[in-house]
Amino acid sequence: MANNYFRFKEFTVYQGDCAMKVCTDACIQGAYTARYILENTLPSSEIMDIGTGTGLLSLMLAQQLPTATITAVELDGDAATQAAGNMALSPWSARICVITGDVKELPVTALYDFIITNPPFYEADLKSNDQLRNQAMHATTLNYASLLDVITSHLSPDGVFSILLPYHPFKDFTTKAADAGFHAQQILHVRQSVQHDYFRSVGIFKRGEGVSDIEEMAIRETGNIYTAAFTDLLKPYYLYL
């Protein structure tokens with residue numbers, strides 16, 4: 001059974017009321033995205049987090065981007081309440097707000113510089129008997145086309161978005177994103193270990209053409225030790241790195 005909380009260096013994520021718990025690949029996305037924004041000096045004063053869950057990604061970005069204001073949207077009421085609680089306990093509570101509801105119905109009152117999302121992964125895979133987990137893991141409420149419509153509506157003309165997906169579905173998403181006018185600027189393919197195949201991909205997209213910078217990273221070495229690349233990326237966050 002997963003722990004009811006996950007403690008980071010500068011914040012704690014309580015997760016007992018969330019279908020999807022803190023996971024390593026989401027931590028990689030948060031850290032990789034924050035690094036990308038900082039290294040490319042991107043405008044990031046207004047950020048949207050679609051499907052915030054525990055609030056993990058919002059908290060990771062808030063830690064590294066001291067001028068960012070973050071709007072976190074979550075469909076599930078219990079998860080949204082827990083995310084709001086996690087944010088209220090963090091040092092950045094004044095800069096993060098949680099909206100409970102369907103992002104597809106959210107009115108466009110402002111455009112965001114950056115959008116981050118760890119969306120439902122699977123559009124056609126077998127589902128479990130847990131409805132909330134299905135909602136979190138499978139595209140039962142927000143498929144890729146609908147997600148791209150939301151991003152198109154809420155992202156500023158020069159805005160950028162980050163997405164985490166399984167490695168193979170990521171290729172299909174990239175094609176659909178291109179049809180919507182978005183092209184990958186940077187991609188990180190992730191392995192569980194140096195002996196495994198890729199299992200997750202993080203993509204940074206924006207409108208217009210772009211030359212993709214493709215990187216790869218393994219989480220662990222053969223001896224179950226974190227790789228140097230993973231340690232360097234997560235060191236600002238993980239308590240014991």
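**Close-up views of a predicted model**

View 1. At 28% relative accessibility, lysine 176 counts as partly exposed. The structure is a predicted model. The side chain of lysine 176 forms a salt bridge with that of aspartate 172, at 3.4 Å from N to O. The two residues lie four apart in helix H6, so about one helical turn separates them. Aspartate 172 has a relative accessibility of 36% and is therefore also classed as partly exposed.

**View 2. Salt bridge between aspartate 232 and arginine 35.** The count for the structure is five salt bridges. One of them joins the side chains of aspartate 232 and arginine 35, with an N to O distance of 2.9 Å. Aspartate 232 belongs to helix H7 (residues 228–234) and arginine 35 to helix H1 (residues 24–39), so this pair links parts of the chain 197 residues apart. Aspartate 232 is partly exposed at 47% relative accessibility, and arginine 35 is partly exposed with a relative accessible area of 29%.

**View 3. Salt bridge between lysine 104 and aspartate 102.** The closest N and O atoms of lysine 104 and aspartate 102 are 3.1 Å apart. Relative accessible area is 38% for lysine 104, which is partly exposed. For aspartate 102 the value is 24%, again partly exposed.

**View 4. Aromatic pair of phenylalanine 11 and tryptophan 92.** A search of the whole structure gives 16 aromatic pairs. Phenylalanine 11 sits in the loop between strand S1 (5–7) and strand S2 (12–14), and tryptophan 92 in the loop between H3 and S5, so the pair ties together parts 81 residues apart in sequence. Phenylalanine 11 and tryptophan 92 are both buried.

**View 5. Aromatic pair of phenylalanine 161 and phenylalanine 173.** These two rings are edge-to-face, with 6.3 Å between centres and 90° between planes. Phenylalanine 161 is in strand S7 (residues 155–166) and phenylalanine 173 in helix H6 (residues 167–179), twelve residues apart. Both phenylalanine 161 and phenylalanine 173 are buried.

**View 6. Surroundings of glutamine 186.** Glutamine 186 is a residue of strand S8 (residues 182–193). Its relative accessibility is 12%, so glutamine 186 counts as buried. Leaving out residues up to four places away in sequence, glutamine 186 touches Tyr32, Tyr36, Val202, Gly203, Ile204, Asp213 and Glu215. With tyrosine 32, the side chain of glutamine 186 makes a side-chain to side-chain polar contact of 2.8 Å.

**View 7. Surroundings of threonine 152.** Threonine 152 is located in helix H5 (residues 144–154) and is partly exposed, at 36% relative accessibility. Its side chain reaches the backbone oxygen of leucine 148 at 2.8 Å. Beyond neighbours within four places in sequence, threonine 152 contacts Phe182 and Arg207. From threonine 152 to glycine 181 the C-alpha distance is 8.9 Å, across 29 residues of sequence.

View 8. Tyr5, Tyr14 and Leu89 make a nonpolar surface patch of about 320 Å². Leucine 89 lies in the loop between helix H3 (77–88) and strand S5 (96–100). With a relative accessible area of 63%, leucine 89 is exposed.

Conventions
Residues are numbered from 1 along each chain as its sequence is written. This is a predicted model: local features need pLDDT of at least 70, side-chain atom pairs count only at pLDDT 80 or more; totals for chains, interfaces and linings use all residues. Side-chain values use heavy atoms; hydrogens and water are left out. Buried means under 20% relative accessible area, exposed over 50%, partly exposed in between (1.4 Å probe, protein chains only). Contact means heavy atoms within 4.5 Å. A polar contact is a pair of N or O atoms within 3.5 Å; within protein, one must be able to donate a hydrogen and the other to accept it, and residues adjacent in sequence count only if both atoms are side-chain atoms. Patches are made of residues with over 30% relative accessible area and no salt bridge: like charges are joined within 9 Å, nonpolar side chains (Val, Leu, Ile, Met, Phe, Trp, Tyr) within 5 Å. Accessible areas come from the Shrake-Rupley method with a 1.4 Å probe; for residues, only the protein chains shown count as cover. A salt bridge is a side-chain nitrogen of Lys or Arg within 4 Å of a carboxyl oxygen of Asp or Glu. Rings of Phe, Tyr and Trp (its six-membered ring) pair if their centres lie within 6.5 Å; planes under 30 degrees apart count as stacked, over 60 as edge-to-face and the rest as tilted.
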